[in-house]
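Hi,

Here is the structure I promised to hand over.

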Amino acid sequence: MKLGFLATFCVLSAATVVALRWNPPDLAKGKTTLVWAVDNNPVRQEQVDLFNRLNPDLFVVIDPTAT
């Protein structure tokens, strides 16, 4: 029983270290990131590109999986 808890603890500790070290790339580079939960229509990407150009302090990304 103790061995099972120890093994689980070690596996979860290793997974935590990997998760903390594995960072996604910073696309916003110091900008405030906004996530738009909308379908993945090609027109939406054009709207996001225009918004990002007109608002240099903000960065919008589309999340089609949240709808």
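**What I found**

Asp39 and Arg44 form a salt bridge, with their closest N and O atoms 3.1 Å apart. The term salt bridge here means a side-chain nitrogen of Lys or Arg within 4 Å of a carboxyl oxygen of Asp or Glu, and by this rule the count comes to one. Asp39 is partly exposed, at 36% relative accessible area, and Arg44 also counts as partly exposed, at 21%. (Buried is under 20% relative accessible area, exposed is over 50%, and partly exposed is in between, with a 1.4 Å probe and protein chains only.)

Before you go further: this is a predicted model, where local features need pLDDT of at least 70, side-chain atom pairs count only at pLDDT 80 or more, and totals for chains, interfaces and linings use all residues. Residues are numbered from 1 along each chain as its sequence is written, and side-chain values use heavy atoms, leaving out hydrogens and water.

Asp39 also leads us to Thr65: their C-alpha atoms are separated by 7.9 Å, although the two residues are 26 apart along the chain. Thr65 sits in the segment after strand 2 (58-62) and counts as exposed, at 70% relative accessibility. Its side chain makes a polar contact with the side chain of Asp63 at 2.6 Å. (A polar contact is a pair of N or O atoms within 3.5 Å; within protein, one must be able to donate a hydrogen and the other to accept it, and residues adjacent in sequence count only if both atoms are side-chain atoms.)

At its start, a side-chain oxygen of Asn41 reaches to within 3.1 Å of the backbone nitrogen of Val43. The helix has 13 residues (42-54) and should span 18 Å at 1.5 Å a residue; its end C-alpha atoms are 19 Å apart, which agrees. That expected span is 1.5 Å times one less than the number of residues.

Asn52 lies in helix 2 too. Is Asn52 buried or exposed? Asn52 is buried, because its relative accessible area is 17%. Its side chain reaches the backbone nitrogen of Val60 at 2.8 Å. Leaving aside residues up to four places away in sequence, Asn52 touches Leu58, Phe59 and Val60, where contact means heavy atoms within 4.5 Å.

Happy to talk it through whenever you like.

Cheers

Methods: Helix = DSSP H or I, 4+ residues; strand = E, 2+ residues; numbered from the N terminus.
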